[in-house]
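Reader: Can we go through this structure together? I'd like to start with the rings.

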Amino acid sequence: MNNPFAESLWPACYSGLHFDRFLLGELSKGDAEELRLHLAGCARCTACLESLRPGEPLPPLRVAATGAGQAAEAGQAAGAGQAVGAGQVLALRPRRWTRPLAAAAGIAAAASLLLVLRAPAPSERRKGSGFALAMYVQHGEAVRRAAPGESVAPGDAVRFAITAPAAGYVAVLTVDPEKRASIYFPLGDRAAPISAGLDLALPQGTRLDATTGEEHLTALFCTAPVELAPLRAALEQGALQLPDGCQETHLRFVKR
Amino acid sequence: MRLSSLAIGQLYRSHGHVVLRRARILMGSESEAQEALQEVFAALLREPEAVGSSALGWLYRATTHFCLNQLRNRRTGARLLEAAAPRPAHGASAEVMAEVRSLLSRLPPDVAAAAVYHHVDGMTHTEVAGLLGCSRRQVGYLLERARLQAAGAEKSA
């Protein structure tokens, strides 16, 4: 293998940063004009610039705030049919990279975050069908159990917990303020197995995006690992019909 | 400059593709590039004052920083080489980019960042110096260290 740093791997006369600034209208008039003149006579740069134009639409801004390994393991666990067990204690910590990044950006390193789901107090236990969805919110250093209609802030970390009356399969879907539906849990294509228990923490957290407004959560508890893509599509169209063997519960919160 | 959450949402829509494109090149994995996209903007939501005077420059630095950390966290060189490249990185072949990732994972952070900006993004020393906040001479020094380390790796291969 030749030394890959012996020469530039970039194929054009101007850098990607320069092209990006041009495409985003951030170059000075003089620099932009100079680049236009160059592009008129350089097919290689023209081709490179065209390749940098935005193509496919971006996914919604929604970040799993748990570590990559944790999230991946959660997805694998769900895919492998492992149940979310009772008594789990889950921690939500900032990514390792955020601290050096903060330092590099000249800002103070964020304090380590820790979100621990607690067992519900006796007064919170439910009767009836027993299926319930709870949400915990971390805002700054404070963690609270969200009440229905809770107000949260963009950037807050949230984590869900399920009370399941029996072993089954669970999923949490959402319709955001822009009426887009997405699947919060699980990462896989089908509802994930869960054991019976109170306030079982789902093994992945989410950090809320910048979209403000009211968000509606729908949790499903099913007797089979139902496919989630058609349910997500139906939810987005406001026409969700529960599959046989499923029950639902709802929670809404407001991002301000 | 402190961005509002609305401004960060707008920035995601206008600049997010830049983050995703560079993360694809640096990580060689679509899923990890998507993760980088989300994490970079999550960091901005957590620290909206971090951007400074240039949002694009901050996004370049944040993406580079995140991806280099991820590369360093990969346990083995085998995994680096196995990572499926979703698309060719400009003119460089998938094999060359796999080798570049392997090298980057072993370089000190400032050396690796300079190498990314200059060799992968095609920046001039002046542009690299602007992003790293150092002198052009320092950039030259960092790039020479990268070249020497790559040459050492080439000899031992």
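**Aromatic pairs and strands**

Author: F160(A) and Y184(A) are both buried, meaning under 20% relative accessible area with a 1.4 Å probe, protein chains only. This is a predicted model, where local features need pLDDT of at least 70, side-chain atom pairs count only at pLDDT 80 or more, and totals for chains, interfaces and linings use all residues. Residues are numbered from 1 along each chain as written, chains are lettered from A and ligands numbered from 1 in written order, and side-chain values use heavy atoms, leaving out hydrogens and water.

Reader: How many aromatic pairs are there over all chains?

Author: The search of the whole structure finds four. Rings of Phe, Tyr and Trp (its six-membered ring) pair if their centres lie within 6.5 Å; planes under 30 degrees apart count as stacked, over 60 as edge-to-face, the rest as tilted.

Reader: Why is the pair of F160(A) and Y184(A) tilted?

Author: Their planes are at 50°, so the pair is tilted, with ring centres 5.1 Å apart. F160(A) is in strand β4 and Y184(A) in strand β6, 24 residues apart. Strands are DSSP runs (E, at least two residues) and helices likewise (H or I, at least four), numbered from the N terminus.

Reader: What about Y12(B) and F41(B)?

Author: Those planes are at 85°, so that pair is edge-to-face. Y12(B) lies in helix α1 of chain B and F41(B) in helix α2. Both Y12(B) and F41(B) are buried.

Reader: New topic: why is β10(A) largely enclosed?

Author: Seven of its ten residues are buried, so the rest of the structure largely encloses β10(A).

Note on methods. Buried means under 20% relative accessible area, exposed over 50%, partly exposed in between (1.4 Å probe, protein chains only).
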